[in-house]
Amino acid sequence: MARRVRGRNSAQDQYHMSEIPARMKRNLHIILPVALYLLLRIPSLIEPQWYQDEAGYASTAWLTHLGYGLYVGAWNNKPPLLIGIYGLSQLLFGTSEAGLHALGMLSGLAAIAAASWGLYRLFSSRAALWGGLAIAVIIGSPMLDGNLALPESLLIGPVTVAVVWFLCSCAGPAARRPRTITLVSIGVLLACGFLIQQTAFADVSSILLWCLVRRNWRTMLIVGGTFVVTVAAVVVPFVVSAGAPNVWFALVTSYVDYLNDALGDRLPAYLVRIGMLLAMVAVAWLYRNAKDDRFELVRIWATALLFTAIAAGYSYEHFLLPVMIPLVMLVTGLMSRHHDRLLQRIRQPRVLVATAVFATIASTGWSLFAAGYRSTVWSAGYYANAVGYMSGSISDLEYDTYFGALNYGEHEAEQWISSHNLVGATAMLWTNLAWPLVDEELVPPTRSGPLYVTLALENGTAGILSRMNAAPPELILVTPENIENLNDVRAFISAHDYAQVMDADGVELYIRSQP
């Protein structure tokens, strides 16, 4: 009897083992894009600390760890969750760039898995496979800075999961009255994206606009209300601790000057953008009775994110990163579902209007697209450089120089600081790449690490020098090439008895002589 049981169990084991390849084959449309994404992201785990925006967020997290209040003593214009992610990385992995990028990979994994699943549910497994592979290449490679832990690459996880979840559970013929817990969860995920960067407001606005023109009041109120409550629950404690004016300036009004700098404070530029917003709302209203309402939400989502990327007027290629997921879903859907009658459909008046609005928005972003092209060209050597470094065929300096030699020079300065037991010293970094502040636990006299932020916060060089004169720091690190107001800091160094201890690879390091 026991022998027969063992035989039956063995047969069941063989059956289950044979099911594994079949299940994998059925899920190739998700497995292959995820695998490609992970493969493309491996080199990001060995990158040096080379990107100044990452250094800025990391230095803000470090200053809050020192006890500086966020938005008062430690200033940044990003919402609290982004600083919290950088703080979590420092808690778990120290100042490791690999650890920081690993957290970014988790967001990308969530985005690629959700997008592939959404393409499968909306269209077909073939569409999911090809669309998923395209998304994996775009968000997994450095062509749009997907290799970095920037707000755009960190927010795509929660917002993509939220919108795809909404598409599959709350839109279309299958679900006319979604469960409250589903809508609340979607609202929380969208709030998480907004709490990483304010531009994620475009994602929640896409869903709310879709609901508004369809008079889906219940869904709109639950998702929108959850979004507002979640954001308030996170931000209000900082309003209490830092003061409402400081938080309002950091998260809202600081962007007014940011926009004015890009748009030249020109009224016509703002009127054009207001016109685009009104046109987007009008097109959504024209499509309020569209048979395929899920595909219409994808169109609204792609258009809203494209507008958000371009409207600021800056040419930073990573602005395009969140746009690419809904854009690939939109193009994949058109090719999968409407390729046989695309020309016939495009003659319809509302299709022409929607296409014209999308094309008008895109036509204002040529400088942004050019930046994306330049970054794509730069990334052509990224993987060869990584392979050369991992195989030992190129040196550390040669590898770092691909990203810019400055990070190598700062690493040498950090080694000098460590070797002379100056970790935790007071220091002024006259540089925009502020990683030494974090790596060596230095204490600055100012409220920010990167110089370009500090100059704005302290009302120029005079404000910075005033703080330095009040308490001259033990160390001053300077990167002379293309840095702002170099003569001013050199004059301060000369007047306060500093000795130069290093001048290598674009970095100068000074130590104050003991009185």
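**Exercise 1. Work out whether E458 is buried or exposed, then find its salt-bridge partners.**

Start with the accessibility: E458 has a relative accessible area of 8%, so it counts as buried, given that the cut-off for buried is under 20%. Keep in mind that we're working on a predicted model here.

Next, look at the partners. The side chain of E458 meets that of R447 in a salt bridge, at 3.4 Å from N to O. Where do the two sit? E458 is in the loop between α22 (451–457) and α23 (461–470), while R447 is in the loop between α21 (435–439) and α22, so this pair ties together parts that are 11 residues apart in sequence.

E458 also meets R467 in a salt bridge, this one at 3.0 Å, N to O. Put together, R447, E458 and R467 are linked in a network of salt bridges.

Now check the arginines. R447 has a relative accessible area of 22%, so call it partly exposed. R467 comes in at 34%, so it is partly exposed as well.

**Exercise 2. Describe the salt bridge between E296 and R299 and its surroundings.**

First the geometry: the N to O distance between the two side chains is 2.8 Å. As background, side chains of opposite charge can pair when their charged atoms come close.

Then the location. Both residues belong to helix α13 (residues 293–311), and they lie three residues apart, about one turn of the helix. Buried or exposed? E296 and R299 are both buried.

Now bring in L330, a residue of helix α14 (residues 321–337). With a relative accessible area of 10%, L330 is buried. L330 and E296 are 34 residues apart along the chain, and their C-alpha atoms are separated by 9.2 Å. Skipping the neighbours within four places in sequence, the contacts of L330 are F295, V298, R299 and A302. So R299, the salt-bridge partner of E296, is also in contact with L330, under a rule of heavy atoms within 4.5 Å.

To close the count, the structure holds four salt bridges.

**Exercise 3. Compare the radius of gyration of the protein chain with that of a compact globule, then sketch the overall picture.**

Along the principal axes, its C-alpha atoms fill a box of roughly 80 × 75 × 45 Å.

Next, the make-up: the protein chain has 24 helices and four strands. Of its 515 residues, 51% count as buried. For contacts between residues at least 6 apart in sequence, 72% join residues at least 24 apart.

Finish with surface and charge. The accessible surface is about 23,500 Å², and carbon and sulfur atoms account for 63% of it. How far apart are the mean positions of the 33 positive and 35 negative charges? They are 27 Å apart.

Notes: Residues numbered from 1 in each chain as written. Predicted model: local features only at pLDDT ≥ 70, side-chain atom pairs only at ≥ 80, totals over all residues. Heavy atoms only, no water. Helix = DSSP H or I, 4+ residues; strand = E, 2+ residues; numbered from the N terminus. Rg over C-alpha atoms; globule rule 2.2 N^0.38 Å. Buried < 20%, exposed > 50% of the residue type's maximum accessible area, 1.4 Å probe, protein only. Areas by Shrake-Rupley, 256 points an atom, 1.4 Å probe, with all protein chains shown as cover. Lys, Arg positive; Asp, Glu negative; His and termini not counted. Charge placed at Lys NZ, Arg CZ, Asp CG, Glu CD.
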